[in-house]
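My notes follow in the order I made them.

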Amino acid sequence: MDPRVDELVAELRRAGCVFAEDEAAVLRAAADGDRLAALVARRVAGEPLEHVVGRVELGGVEFAVGPGVFVPRQRSLLLVDLAVGMVPPGGVLVDACCGCGAIGALVAHRVEQAQGATAELHACDVDPVALGFARQNVAPFAGEVHEGDLLAALPARLRGRVDVVVANAPYVPSEQVDLMPREARDHEPRHALDGGRDGLDLHRRLADQVGGWLAPGGHVLVETSERQAAESAEVFAARGLEVRVERSDELDATVVVGIRGTARAGQSGNTPVDR
């Protein structure tokens with residue numbers, strides 16, 4: 001191995017980077033010389049690797065990301081995999097709490113691969129910094145980006161027409177945010193992590209809104225934790241959606257899936273929930 005690579009790996013390892021060899025390769029591919037030294041210094045100081053190099057890989061596709069923006073996690077691939085099979089040809093796909101827009105863009109990418117046509121993609125978030133990256137990431141799919149609070153950001157013409165809503169809304173309980181890894185708590189916006197007292201504030205608000213936007217048979221998919229899944233599912237079931245919980249032990253990922261039936265969602269009723 002090149003002695004310079006050995007030195008870089010050792011420096012990253014001393015800084016606590018568990019995958020120092022892999023990170024060294026990513027950094028060397030991103031820059032060399034003084035520019036590489038500057039990137040390494042940022043990483044050693046604790047900045048997320050994805051922020052440092054300006055990109056994140058998700059599902060084999062790279063997306064733009066940067067400082068001050070939530071970095072998509074690999075566990076969100078369960079959300080993506082489930083959503084791909086639910087988007088009908090030419091369907092309307094919404095990425096709520098989109099952050100950098102990677103989840104919606106990856107779903108649209110895979111739908112295009114499977115169907116030969118793109119979905120009508122919309123991404124919405126309250127954070128203008130994140131939306132700057134989202135515009136880059138959804139552009140290849142002619143996606144539209146909307147700034148605003150959850151689904152209220154969407155244009156009125158989409159009411160009752162949305163086939164799939166995907167949401168990686170924050171679900172960490174407020175008191176646990178400070179226990180997260182330094183990379184998250186120091187470098188990602190708190191509003192992208194903090195889900196309120198029990199972590200489900202955004203789930204409740206999304207459940208209140210989603211019925212008016214979904215088409216009959218439309219789906220809403222929300223990432224959550226295994227521990228919170230049953231309570232999150234009840235939140236959506238109470239708004240009249242048919243609900244199930246999907247789990248991937250391999251990804252350590254849990255997703256609540258809600259389906260709007262032929263009756264108008266938003267009315268309370270007894271709905272079976274998988275536990």
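I began with the UniProt record, where an unreviewed entry lists residues 82-177 as "domain: Methyltransferase small". UniProt positions are given in the numbering used here, feature names are shortened, and annotations may be inferred rather than shown by experiment. The model is a predicted one, in which local features need pLDDT of at least 70 and side-chain atom pairs count only at pLDDT 80 or more, while totals for chains, interfaces and linings use all residues. Residues are numbered from 1 along each chain as its sequence is written, and side-chain values use heavy atoms, with hydrogens and water left out.

I checked the annotated span next. Residues 82-177 are 29% helix and 22% strand, and their end C-alpha atoms lie 28 Å apart. Helices (H or I, at least four residues) and strands (E, at least two) are DSSP runs, numbered from the N terminus.

Then I traced the sheet. It is open, with 7 strands in the order β5-β4-β3-β6-β7-β9-β8 and mixed pairing; two strands pair if DSSP finds at least two bridges between them. β5 (144-147) and β8 (242-248) are at the edges with a single partner strand each, so one side of each has no neighbour in the sheet. On average, neighbouring strands of this sheet are turned by 20 degrees against each other, direction ignored. Axes are lines fitted to C-alpha atoms, for helices over the stretch in contact, and angles run from 0 to 180 degrees between N-to-C directions.

I went through the pairs. β3 (residues 92-96) and β6 (residues 162-167) run parallel and are joined by 4 bridges, with V94 opposite V165. β6 and β7 also run parallel, with 5 bridges, and A167 stands opposite V222. β7 and β9 (residues 253-259) run antiparallel, with 6 bridges, and E223 stands opposite V255.

I asked how many residues of β7 (residues 214-224) are buried. I counted 9 of the 11, so the strand is largely enclosed by the rest of the structure. Buried means under 20% relative accessible area, exposed over 50%, and partly exposed in between (1.4 Å probe, protein chains only).

For the helices, I found α6 (residues 102-115) lying across β3, β4 (120-125) and β6, at about 155 degrees to β3. Helix α7 (residues 128-138) packs on the sheet and touches β4 and β5, its direction making about 170 degrees with that of β5.

Last, I looked up H146, in strand β5. H146 is buried, at a relative accessible area of 11%. Leaving aside neighbours within four places in sequence, its contacts (heavy atoms within 4.5 Å) include H122, D125, L131 and P155.
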